[in-house]
Every structure is written in structure tokens, then in C-alpha cells.
Amino acid sequence: MDQKQKKTGRLLLLLACLFPTLGTCLFAQKPVVSLTVSDKNVAPDETVTVTVTTNLNGTVKVDYPLEFSVDYGLMNGMDQKLDASTGKIKTYYYVQQSGSFHKEGSYTFFATVDYHGKTYKSNKITLKISEENEDDEENLGYNSKDPIFGVIQAKKTTVYEGECVLLKAKVFSRYNIY
């Protein structure tokens, strides 16, 4: 083997090693970690669903406040979407946890994802837990000629199978009922 063949072989070996590394670096997805909740203003003991969505297949951890108590088991899932502009398939992983707060107050928390030795932090979410409810102001406008009538309100309009729904039932009367 002459000197020129050795140089060409080394160059090809170097390119063969660098190409996969460069391809991975150039075409990798930007890390995304997103934290969402079903409702930011809730009453004590009302169910809240916390969802972490990420494109990193790592360990998800949510720093819940001490006042948060878990209602159901943890739900994990994966979703793949086709990006029409680039023609690439993007994979998203999600973790969902339901629970409730027993005390009134304002609570702020975030999520982290550990992936290949790095920790990625999500956005912060602030929940307001209070007995006061904006919906109660709307109830003052009910008029009926009936001596007794009732109203049932649902907290959500869209419900998934197995999900809890908070219903409020109110009975109005023109007379004192004991």
C-alpha cells in the first residue's frame, strides 16, 4: 500500500466516524418540556390534572407542593406527530397525574426531565386554590316563576373516559325550606 492510499483510507475512516455524529447534532430536535394543568383556579379538594409533555425520553419529575395529594395512579403515554413543513415525525412523551389541594393558597411548581446526564426544566405553573368562585357571581341572574327550581353546573364540557367531573347542584326557593 502506498502513502496516497493510506491517506485516502484514513480520510474516509474519519469521515465515516464524523458523519453520524454531525448528522445527529444537526438534525436533532430542540428539547421541549412543557407543564400544563386542567384549571388554574380551583376550590379545595377539587381534582386537578397535571400534564408534563416532552420530546425527551428521560426521567420526568414534578416538584409538587406538600399540600398536593394524589388521587389516581400515574398515566404515561407517547404521541407521534408528522410535521407537514419538514416531513419529519416528532415524538412526544407525556406524564399525567391527578390530585387535589386540601388547603387554600397559591402554589407554584415546575417539572424536570433528566436525559443523558442533563436536567431540563419546564415552565412554572401557579395555581390559586380558594373557596371563592367566579361562577357564583353568574348564579345571581337566575329568574324563575317557579317556587322551587334547581341548577346543575359541570366544571368541564369535555370529559375523557375514567376522568372525574365536578358537578355543582343548587336549589333555589322563594320559601324557607327546613
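This briefing covers charged pairs, aromatic contacts and a surface patch in the structure above. The model is predicted; local features need pLDDT of at least 70, side-chain atom pairs count only at pLDDT 80 or more, and totals for chains, interfaces and linings use all residues. Residues are numbered from 1 along each chain as its sequence is written, and side-chain values use heavy atoms, with hydrogens and water left out.

**Salt bridges**

- A search of the whole structure finds three salt bridges, a salt bridge being a side-chain nitrogen of Lys or Arg within 4 Å of a carboxyl oxygen of Asp or Glu.
- K61 is bridged to D63, with 3.7 Å between the closest N and O atoms; D63 is partly exposed at a relative accessible area of 31% (buried means under 20%, exposed over 50%, partly exposed in between, with a 1.4 Å probe and protein chains only).
- K81 and D79 form a salt bridge at 4.0 Å, N to O; K81 is partly exposed at 47% relative accessible area, and D79 is partly exposed at 32%.
- In the salt bridge of K90 with D83, the N to O distance is 3.6 Å, and K90 is partly exposed at 29% relative accessibility.

**Aromatic rings**

- The structure holds four aromatic pairs, for which rings of Phe, Tyr and Trp (its six-membered ring) have centres within 6.5 Å; planes under 30 degrees apart count as stacked, over 60 as edge-to-face and the rest as tilted.
- Y64 and F109 form a tilted pair, 5.9 Å centre to centre with 45° between the planes.
- This pair links distant parts of the chain, 45 residues apart: Y64 lies in the loop between β4 (59-62) and β5 (68-70), and F109 in strand β8 (residues 105-109); strands (E, at least two residues) are DSSP runs numbered from the N terminus.
- Y64 is partly exposed at 27% relative accessible area, whereas F109 is buried at 2%.
- Ring pairs join Y64, F68, F101, Y107 and F109 into a cluster.

**Charges over rings**

- K81 lies over the face of Y92, 5.6 Å from the ring centre; the criterion is NZ of Lys or CZ of Arg within 6 Å of the ring centre and within 35 degrees of the ring normal.
- K121 lies over the face of F110, at 4.4 Å from the ring centre.

**The loop between β12 and β13**

- V159 is placed in the loop between β12 (148-154) and β13 (167-173) and is partly exposed at 41% relative accessibility.
- E163 is also in the loop between β12 and β13, and its C-alpha atom is separated by 9.2 Å from that of S98, 65 residues apart along the chain.

Terms used: Helices (H or I, at least four residues) and strands (E, at least two) are DSSP runs, numbered from the N terminus.
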